[in-house]
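Hello,

Here is the structure you asked about. Please open it first, then read the notes below.

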Amino acid sequence: MQVDTNTTKRSSQRLLMNQSTALNRLNFWDKQGHYVFTLADLNKIFIEDSPKTLQATLSRLVTASILSRPVRGVYLFNLAHSFDGYTIEHIAKALRRGEYNYVSLESALSEYGVISQIPIDRLTIMTTGRKGIYHTPFGTIEFTHTKRSQHDILANIRTTDRPLRLATAECALRDLKRVGRNMHLIDEKEMYHG
């Protein structure tokens, strides 16, 4: 069997051009500060003609280590220059896009110095979306559903320079009690006098 080397070259060039185009588009978004994407985001960015073609493109980019998949449905641009210390929060935000999400419970209370043990491998988030636990290379994301109103949520969270908002210490403690979490780690003196 004879292999047509011109066809093979053209096929390789097309693959390389696709990677080059993908890199250009991902670099554009990286310059805007975006390096975590959902499947829907990448569908809009790459404008493939079918879901099957998009999956093939994504598989090639993952194999080439241009993208990685920290959790199902979320992709990370490995060559990004906009990486910050909040990758796990970017992933969490992508997982519950369109919902109110804020860092609360043990994660928020540890930031305020109110609990004695700091959860270093777990991010606890209250969400108006569905609850769930996701294991990523950056730590575990734990979503806990809240039925609090939009007004109540906005009145008790702080905007920060990070992807997710942060509950006030009082709000995080109230959330902890409301969901029936263990209270024995709370430093009451630090909570009310710190």
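**A strand pair and its sheet**

Threonine 127 has histidine 145, in β7, as its bridge partner. That bridge belongs to a parallel pairing: β5 (residues 122-127) runs with β7 (residues 139-145) over 6 bridges. Two strands count as paired if DSSP finds at least two bridges between them. Helices (H or I, at least four residues) and strands (E, at least two) are DSSP runs, numbered from the N terminus.

This is a predicted model: local features need pLDDT of at least 70, side-chain atom pairs count only at pLDDT 80 or more, and totals for chains, interfaces and linings use all residues. Residues are numbered from 1 along each chain as its sequence is written, and side-chain values use heavy atoms, with hydrogens and water left out.

Helix α7 (residues 169-178) packs on the sheet. It touches β4, β5 and β9 (165-167). Contact means heavy atoms within 4.5 Å. The direction of α7 makes about 70° with that of β9. Axes are lines fitted to C-alpha atoms, for helices over the stretch in contact, and angles run from 0 to 180 degrees between N-to-C directions.

Aspartate 175 is found in helix α7. Is aspartate 175 buried or exposed? It is buried, with a relative accessible area of 0%. (Buried means under 20% relative accessible area, exposed over 50%, partly exposed in between, with a 1.4 Å probe and protein chains only.) Leaving out residues up to four places away in sequence, aspartate 175 touches Tyr102, Ser104, Leu105, Met126 and Arg148. Its C-alpha atom is separated by 8.5 Å from that of threonine 146, 29 residues apart along the chain.

Best wishes
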